[in-house]
Amino acid sequence: MADPLQVLSSLETLADHYTVFEPDQVLTHGQLNSVSDFWGDQVRLSRVALSGVGLVTGLHVSREGTGVRVTRGFGVSTDGDLMTLAADTLYDRFRPYDTTAPVYRPFYRGTAADGSPTDMIVLQELVPVGESDVLAQPLAALPGPLTDRAVLMLMESVVNDPDMCSGTDCDNLGRDALHRVRLLLIRRSDAQTLLDRLPLRPASEAAQALPSVAMRRPVLGSNIVNTALLATRFRDSARSSLEDLQRALPTLNANCPEVLADMFGADPTARWLGTLASLSTQFANATSGLQNCYGFVKDLIEQWNALREALLADDAVPLPNVAAFPKHLLLGATAAPREQRTGLYPSPLDATARERSAHARFHAWKFDALIASFQMPTDTTVRVTPSLSDVHPLEARAIPWYYRVLETTPIHAAWNFRLSSRHHEGQNLGYRATAWASTARARDPLAFAIGGHDFFRIEGHLGRPAETVTAELRQQVAERNLPFQVQAVLVHTSRDRLRVRPPFRYTPLHSLHYLVRQDVAFRLDESEQFGQRHLADMTEAVKAQLIPATTSGGTSVVASARLAGEAVSSASKAASPVLAKASYSGYRAAVTSDQGPAFKTSYTASLVSVREARANLSDLSRTDFVSPFDGLLNTNQPHWIDWLDDLILDQGNKADDKLLLSRFVQDHPGLDHLGGVWRGGTFVLVYDDQGRVVGDFTLPYPAAEAEAPETDDPPLTRPPYRPPLVAGNGIRAVRPIDLVVKDRFTFEREGFQKDLDLQRAGIEGLVKGAFVPSNAVDPKTRGVLDLTGDSYLDYQAGEMAHQRERVKGLQDMLTQPGLSNDVRTQVARDLDRAQLDLAETLGGVAAQMVTAGVDVGSAAGKQLTQSMTSSMATIQSPAAKAQADTRLATAQGRAAGNQAAVIGNLRNIGR
């Protein structure tokens with residue numbers, strides 16, 4: 001019995017030579033076949049080693065009705081067979097594929113003693129629609145469900161000997177090499193066995209066993225009140241994260257040894273672990289620079305994860321095992337087309353696969369370079385380097401300052417795969433770029449466009465004075481137009497240790513403080529002028545015997561008025577150097593010097609003197625308005641100055657509290673250490689109670705305290721609409737009530753006596769036959785003023801003066817103690833009528849003044865204006881004020897120029 005046909009695998013034994021023909025050489029079949037065998041193997045080997053193996057495209061399985069559809073496509077087996085299906089094909093039947101078929105070793109489960117295969121798996125060959133085959137059966141006749149089948153593409157490569165031999169003759173026709181593609185149905189369990197029997201394991205599958213490592217984040221809270229606690233948080237996070245990484249490192253060589261062998265020739269894990277153990281001890285004993293340790297461990301973990309991701313993307317298989325799937329490709333299960341399907345394993349020479357493989361190996365080299373290059377920095381030059389944030393790969397960022405530049409493995413050469421593969425490693429940005437920079441941008445990156453950078457590394461500040469570092473950074477921000485702010489905070493509990501704060505915090509309270517200071521100074525100035533006028537009026541009243549020279553208590557009237565005026569004048573002079581300061585700091589310097597106590601003592605003494613003068617002269621002096629003396633006695637504004645000082649101090653203390661790290665963390669819980677600052681964010685310097693910078697943080701938004709420098713406040717002028725200090729006879733000496741009654745009695749008695757004398761003279765004239773002369777003057781007739789030359793206007797002015805005196809008399813009477821309620825009520829009614837009469841007369845005077853065209857700037861006009869002003873100020877009744885305003889408004893409508901201004905001022909007095 002002839003041996004069964006074998007499915008041949010060409011690459012199991014490579015042809016390593018072929019015959020070189022010479023002229024007139026007699027060729028044998030072996031010599032001829034050596035050529036085809038050698039070049040056939042080279043073609044197959046080129047596909048496998050240089051292109052890849054597996055399913056390349058198409059050949060997808062799906063159910064269609066009761067049949068199975070396979071789409072067009074092609075693939076390459078590990079023996080280098082190019083298997084294709086030219087068009088989508090529907091298969092509706094099957095025929096047996098059993099031991100009568102050529103032997104394909106993977107289809108057999110066992111081997112006999114003589115080496116022959118045994119126990120073939122169950123297979124059926126698919127028959128396409130339209131093909132005639134008497135042995136074909138419908139797929140419904142399959143032994144078992146179609147859903148438990150997968151489709152397998154087989155390259156049936158056999159050598160067939162078609163020689164026809166008899167007992168007496170055998171013509172040697174040669175053998176035929178046949179290569180036929182067949183589509184077979186195979187149970188899913190057997191298909192899975194074929195997948196698992198000798199799998200190809202690219203780096204992407206091996207890297208599945210590499211653990212992902214995450215960097216632990218230090219917890220910051222309000223309890224961070226000293227540098228030891230701050231260092232502990234970063235030390236603990238770095239230590240725990242480094243331990244996670246140390247546990248992960250041995251898995252690299254266990255699963256991807258070829259990567260380490262390619263790069264280092266041997267497993268470097270032991271060396272890495274030894275170096276990291278030494279660094280871990282260094283970190284545990286460090287008292288400063290723990291954020292650099294944290295940043296280094298963070299870099300290592302990011303690099304480990306980048307290496308893992310690169311390996312997961314590296315699906316290339318160099319020199320795949322020929323026995324993996326030498327003559328078959330699994331196309332997928334009928335019920336689950338994506339399962340039991342041969343993958344694609346590209347060659348490392350494939351462009352994409354080559355780059356992924358090279359990138360993965362570069363990451364392994366970079367990991368080694370990071371460990372070797374780390375060194376705690378001691379640099380003291382502050383540099384700002386444009387970089388990228390953590391959302392970008394580590395290799396795309398600027399190189400941190402804690403990596404030194406080694407000759408054997410320079411950090412810039414091992415940093416960025418793209419730049420290094422193009423020999424542009426000198427373009428990397430970093431703190432130490434002067435050691436490798438090959439471009440002007442690398443040497444001075446801030447001189448070029450920075451719009452593509454969302455992060456800026458800031459380094460060289462640790463251990464330096466916080467005031468100096470803050471000033472340098474803010475200067476760079478201003479000079480280089482950098483898009484971030486700088487804020488320094490103290491890691492301590494006491495605001496007294498603050499070294500960096502704004503020189504001045506100008507707030508609305510300072511403006512209010514200045515306003516109150518100016519108001520107090522203005523009141524003192526008014527009171528000083530009022531005191532001088534009051535003294536003059538009291539002296540004149542005593543001389544005119546309008547009031548007595550002494551009070552009922554025996555106090556000199558003039559001396560009391562002089563004492564009050566001098567006290568106010570002294571207070572005004574003492575206050576002027578303090579209150580006149582245009583800046584708050586100037587005021588504080590003055591008030592804390594000898595001038596401050598002198599001002600307050602003098603002010604207090606002036607209040608005592610004014611109060612005593614008011615008490616002594618209350619029966620002899622009165623004003624028609626609240627006097628400046630009254631304002632000094634009744635105002636609390638001097639206290640406001642001290643209260644505002646307290647508020648400003650408290651506001652400053654609260655602002656200082658916000659510059660303590662414990663409070664700053666509460667206000668900004670998103671604080672994070674990234675070795676720099678976000679674009680548009682805030683770089684937060686942390687310093688200790690000695691003023692040394694011990695760390696830094698960043699916020700993604702502006703959070704620096706805005707500096708509000710102190711400026712001199714503008715001088716405040718007296719408002720133009722404020723009435724003069726003294727309007728007309730605003731200050732009046734008041735005769736005591738007993739003298740008023742006496743004067744009235746005497747006046748009435750003299751008038752009565754004159755009436756009697758006149759009547760007696762008339763009677764005597766009648767008796768004697770004589771008449772009273774026509775020029776006789778009524779004793780009661782008042783003299784008419786002669787002011788303007790307009791007799792009617794002068795008459796009205798005189799009437800207005802008389803009515804004003806009547807109003808004042810009634811007002812004085814209401815202030816006298818001892819009046820009965822009935823009398824007081826009657827006096828009040830008379831006063832209301834008198835004020836209405838005065839208001840009507842005042843309106844008439846104003847109208848006549850406009851009609852007569854009186855020049856208000858002349859001496860007569862000024863005297864008339866003063867009389868009208870005093871009359872308007874005397875009117876207190878709201879009804880009378882309204883009546884006067886109505887009459888004055890009518891007159892003002894007819895007036896122009898200065899007359900209109902005077903009438904307008906009169907109306908303002910009445911409001």
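Hi everyone! Let's start with two helices, α22 (residues 821–852) and α24 (residues 878–894), which pack at about 10 degrees with their axes 8 Å apart. Helices here are DSSP runs of H or I, at least four residues long, numbered from the N terminus. Axes are lines fitted to C-alpha atoms over the stretch in contact, and angles run from 0 to 180 degrees between N-to-C directions. So α22 is roughly parallel to α24, a label for angles under 35 degrees, while 65 to 115 counts as roughly perpendicular.

Before going on: this is a predicted model, where local features need pLDDT of at least 70 and side-chain atom pairs 80 or more, while totals for chains, interfaces and linings use all residues. Residues are numbered from 1 along each chain as its sequence is written, and side-chain values use heavy atoms, leaving out hydrogens and water.

Now, a second pair. The axes of α15 (residues 584–591) and α18 (residues 637–657) come within 13 Å and cross at roughly 115 degrees, so these two are roughly perpendicular. Which residues of α15 and α18 meet? From α15 come Y584, Y587 and R588, and from α18 come I641, D645 and I648; contact means heavy atoms within 4.5 Å.

Finally, how far can we trust this? pLDDT is the predictor's confidence in each residue, from 0 to 100. Its mean for the protein is 86, and 91% of the residues reach 70 or more. Over residues 770–785, though, pLDDT is below 50, and this stretch has 13 contacts beyond near neighbours in sequence. Where pLDDT is low, the predicted coordinates should not be read in detail.

Conventions
Parallel < 35°, antiparallel > 145°, perpendicular 65-115°, else oblique.
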